[in-house]
Amino acid sequence: MKTVANFDRIGEENAFAVLARATALAAQGRDIVNLGIGQPDFATPPHIAEAAVKAIHDGHHGYTPATGILPLREAIAADILRRFRAEVSPEHVMVVPGGKVTMFAAILMFGEPGAEILYPDPGFPIYRSMIEYTGATPVPVPIREENGFAFSAEETLGLITPRTRLLIVNSPANPTGGVTPKAEIDRLVAGLADHPEVAILSDEIYASMTYDDEAHTSLLGYPEIRDRLILLDGASKSYAMTGWRLGWSVWPQPLYDRARKLAVNSFSCVNAPTQWAGIAALTGPQDAVGAMVAAFDRRRALVVEGLNRLPGVSCIVPKGAFYAFPNVAGTGWKAKPLAAALLEQAGVATIGGPDFGIHGEGYIRVSYANSEENIARALDRMGDFLSEARAA
Ligand code: PLP
């Protein structure tokens, strides 16, 4: 059977492979601490789950408009106004099954042979995978430790060519936990004035997770780029709803109808009870979000302190999301073999930095979406492993 050539280039997310391996080892009776996972270890707040149950009982089980039900789009617009102080019409909001779907649609819209798309490296692996799928040229924007894992406006702007169609930015960032400060975003937006043909996809799925009073700066706050900005957000991380598949995007008017047609041609709509749960999430009490972020903040301190005690490891303090991205070059290991050995021999799942791009070599991603107790156990095991490996 012959499928189209594009499929030879599509990639995937190694975090799922690590999760599968960790689960298989656990099924064999091994005690595995999973710091590879990219999802909150908290339950979806009960009032959100209840809203979905109620929606089923109330008969919300049919198709909805492809763009999502109006009360949810209104709740999203109100939330954007509250959190980012940006006015957005519900007519520009699209409800999609997970954050990924927005990047899928945006990259499909701008990627084709001859086009260039800029994306963060290390960064979420699906950016590159989808760019490759479309036949466009992926142009990595290096995300550097010496820059606190923020993106550099100057370096980003310097990579734009007449072929650049789309620029993808992500802050707070996966896998580094980096948060790009407002001043740097100001510089990027100012420089983009010279490139009015470049569209921007801003992945802000971790917007609710910043620490040390580091405020999140949404690109929606810049009116001068609103006519070419696509915002990616969703409930997966902020409301511990990864399995519900609820994301949303804001599109500039000319792209909105294209996004709607993609929905009509693929998923039709997000399942109705999930949309009602989304309304409860956005309009209900937000204390569960605050409690979750406070727990992540405590774990962040534990992780960073513990990682910096390990031989050959150094870790800067991440300002957002729930990942640390320690530099492991001093261990003498390449990152991927180290991550594999930590899983197989020490029973700790992490992800090798190169799974997030070539600039991830020398680093591993440590997710602190796990209990303080498990984090402490994992750090002990990593310490023992690295000390023994060094002595051997
Ligand atoms: N964007 C980033 C940066 C992510 O880390 C993730 C998930 O890990 C997503 C988007 C996708 O989120 P979702 O699970 O809602 O599709």
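Hello everyone, and a word on ground rules. Because we are looking at a predicted model, local features need pLDDT of at least 70 and side-chain atom pairs count only at pLDDT 80 or more, while totals for chains, interfaces and linings use all residues. Residues are numbered from 1 along each chain as its sequence is written, and side-chain values use heavy atoms, with hydrogens and water left out.

Let's start with the ligand. There are 14 residues around the ligand, and those that come nearest are Gly99, Asp203, Tyr206, Ser236 and Lys237; a residue counts as near if one of its heavy atoms lies within 4 Å of the molecule. Now for polar contacts, meaning pairs of N or O atoms within 3.5 Å. A polar backbone atom of Gly99 sits 2.7 Å from a ligand oxygen, and one of Lys100 is 2.9 Å from an oxygen of the ligand. Arg245 takes part through its side chain, with a polar atom 2.8 Å from a ligand oxygen.

Next, the open space. A pocket here is an open set of points on a 1 Å grid over the protein atoms alone, with protein on both sides within 12 Å along at least five of seven lines; a cavity is a set where a 1.4 Å probe fits but cannot get out, and lining residues have an atom within 4 Å of a point. Grid points are joined across faces, edges and corners, and a volume is the space filled by probe spheres set on the points.

The largest pocket has a volume of about 480 Å³. Among its 27 lining residues, Glu13, Phe16, Gly38, Phe124 and Lys237 are the closest to its centre. Helices are DSSP runs of H or I with at least four residues, strands are runs of E with at least two, and both are numbered from the N terminus. By class, the pocket lining splits into 13 nonpolar, eight polar and six charged residues. Ala, Val, Leu, Ile, Met, Phe, Trp, Tyr, Cys and Pro count as nonpolar, Asp, Glu, Lys and Arg as charged, and the others, Gly among them, as polar.

What about enclosed space? The structure holds one cavity of 30 Å³ or more, and the largest cavity has a volume of about 50 Å³. Its lining has seven nonpolar, four polar and no charged residues, including Phe149, Asn174 and Pro175.

Asn174 and Pro175 are joined by a cis peptide bond, with omega about 10°, and Pro175 is in the loop between strand 5 and helix 7. Another cis bond joins Ser171 and Pro172, with omega about -10°. Phe149 has a positive phi, near 60°, though not a glycine. Phe149 is also buried, at 4% relative accessible area, where buried means under 20%, exposed over 50% and partly exposed in between, using a 1.4 Å probe and protein chains only.

Finally, an open sheet of three strands runs in the order 9-12-11, with antiparallel pairing. Strands pair if DSSP finds at least two bridges between them. Strand 9 and strand 11 (351-352) stand at the edges with a single partner each, so one side of each lacks a neighbour in the sheet. Tyr323 stands opposite Ser367 in strand 12.

Note on methods: A polar contact is a pair of N or O atoms within 3.5 Å; within protein, one must be able to donate a hydrogen and the other to accept it, and residues adjacent in sequence count only if both atoms are side-chain atoms.
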